Structures are given as C-alpha cells and as structure tokens.
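Subject: Structure for you to look at

Hello,

Please find the structure below, with notes on what turned up in it. Have the viewer open while you read.

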Amino acid sequence: MQGSAQREIDTVVFDLGRVLIHWDPYGYMVEKFGEDVAKRLMERVFNVPEWNLMDKGEISEAQLWRIMEERYPEDAQYIRHMKNAVLSLLKPIEENVSLLPSLKVHGYRLCVLSNFSYKSFEYVYNTFEFFKYFDCMVISSHVKKIKPNEDIFYELMERCGVKPSTSLFIDDRADNIETAIRLGFNVIHLTEYGKLKEKLEEVLKMELY
C-alpha cells in the first residue's frame with residue numbers, strides 16, 4: 001500500500017484473452033488459409049452460440065469441434081487444423097503480464113474474470129507462470145456462467161470478496177465493460193492491448209515498472 005493514505009481502488013480484475021493472453025485466430029487463419037477461408041471460419045466456427053456454450057462449460061471442446069466438422073464437411077480440413085492449433089495461439093502478452101509483479105508490490109489484489117473453455121484454461125494455467133500473482137479467479141467454464149451476463153460478476157463479488165466501487169475491471173469487449181459499469185465497477189476498455197500500462201498508470205495515478 002502507498003503509505004497510510006486511503007485510496008479508491010484496491011483490486012484489479014483482469015480479463016485474459018487480448019488483455020494478458022494473445023488470442024487472434026483470424027490473423028492466424030489469414031496467414032494459413034487466406035482471407036476468404038478465415039472470414040468463413042470466423043463466422044461458422046468462432047462466432048457461433050456453440051462457442052459460448054463451450055466457454056460456459058455446457059459442451060466440451062471435443063463436442064464443439066465434432067459439431068463443426070459435421071455441420072460444415074466442406075471445411076472439415078480447416079476445422080481439424082484449427083482444432084489442433086488453438087492451444088498454440090494462446091501465448092502471454094509479455095508486456096502486459098510483466099505489470100503484474102509491480103501491481104502486487106504496490107499492494108493491489110489481483111483477480112481474473114474470464115470466459116475460457118475448460119481445456120484451454122487448464123492449458124494456460126499449467127503452462128504460464130504469471131497466474132501465481134492472482135489472489136482469486138473466476139473462469140466461465142468452471143462456474144457455468146459467462147460474460148457479459150451479470151451472474152458471473154456476482155460470482156466474482158461473492159467468491160473473491162470484490163467490491164465494484166473499489167475495483168478496476170479490464171476487458172477488451174464493449175459488452176462486458178457495459179455490464180461492469182452497470183454494476184458499479186471502475187473500468188478500462190482495452191481496445192489495444194499495447195496500451196495497458198498507459199491506461200493503468202492513468203487510472204491508478206502511479207508509475208508501473
């Protein structure tokens with residue numbers, strides 16, 4: 001803590017994808033398959049209700065990919081490729097995860113609130129060391145709730161003792177940010193992941209190293 005002065009924010013709540021972990025399947029598919037296939041797969045596979053069901057833990061990763069292969073046999077080769085490639089796309093955004101130790105030194109509680117499928121979260125949690133800096137985590141597939149719905153935010157509040165008025169919520173999606181604002185959180189809508197340090201320093205009124 002900074003001296004004995006009372007401060008407004010004592011907890012920072014992070015989304016994972018595009019905030020602390022790279023997630024750009026479209027860019028990868030453009031490079032591998034070309035723009036037409038990439039656009040088609042984003043619409044058919046990644047931006048579909050079944051993807052949210054997977055993130056919510058209602059269907060497994062294996063079930064999702066089987067559904068997609070059966071639904072779009074003409075794209076089966078691309079779908080199978082992406083099934084095997086998705087975990088390799090999940091890598092830390094080093095410039096952002098490097099801010100976590102500094103936030104801890106300054107006394108902030110750090111939490112995660114993220115939509116993540118079960119298998120993918122187990123992979124990143126067991127692979128990347130930065131999770132050791134977090135005091136509490138709420139993952140959609142583990143609690144069977146999903147952003148932007150309010151119920152997963154209430155889960156965060158109850159499970160992690162988070163008070164919206166003294167917490168800062170960081171997410172890349174506007175719909176998640178809107179829910180957080182409605183519930184009284186301070187927010188950073190991170191539309192460019194490279195600006196996290198700048199935004200944090202602005203809101204917290206401090207310098208991070």
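Two residues are in contact when heavy atoms of theirs lie within 4.5 Å. By that rule, and not counting residues up to four places away in sequence, serine 117 touches Met54, Asp55, Glu61 and Ser141.

Some background on the source. This is a predicted model, in which local features need pLDDT of at least 70 and side-chain atom pairs count only at pLDDT 80 or more, while totals for chains, interfaces and linings use all residues. Residues are numbered from 1 along each chain as its sequence is written, and side-chain values use heavy atoms, with hydrogens and water left out.

The chain as a whole

The chain holds twelve helices and seven strands (DSSP runs numbered from the N terminus: H or I of at least four residues for helices, E of at least two for strands). Along its principal axes, the C-alpha trace spans about 65 × 30 × 30 Å. Of contacts between residues at least 6 apart in sequence, 66% join residues at least 24 apart.

The inside

Buried residues make up 48% of the 209. Buried means under 20% relative accessible area, exposed over 50%, and partly exposed in between, with a 1.4 Å probe and protein chains only. A nonpolar core is a set of buried Ala, Val, Leu, Ile, Met, Phe, Trp, Tyr and Cys residues joined through side-chain atoms within 4.5 Å. The largest such core has 53 residues, and Phe14 and Ile170 are among those with the most contacts inside it. Helix H2 (residues 35–46) gives the largest share of this core, six residues. Beyond four places in sequence, the contacts of isoleucine 170 include Val12, Phe14, Ile188 and Leu200.

Two single residues

Is serine 117 buried or exposed? At 3% relative accessibility, serine 117 counts as buried. Its place is the loop between strand E4 (109–114) and helix H8 (118–127).

Tyrosine 209, in the segment after helix H12 (196–204), counts as exposed at 57% relative accessibility. Neighbours within four places aside, tyrosine 209 is in contact with Ser98, Leu99, Pro101, Ser102, Val105 and His106. Its C-alpha atom is separated by 9.2 Å from that of leucine 103, 106 residues away along the chain.

Regards
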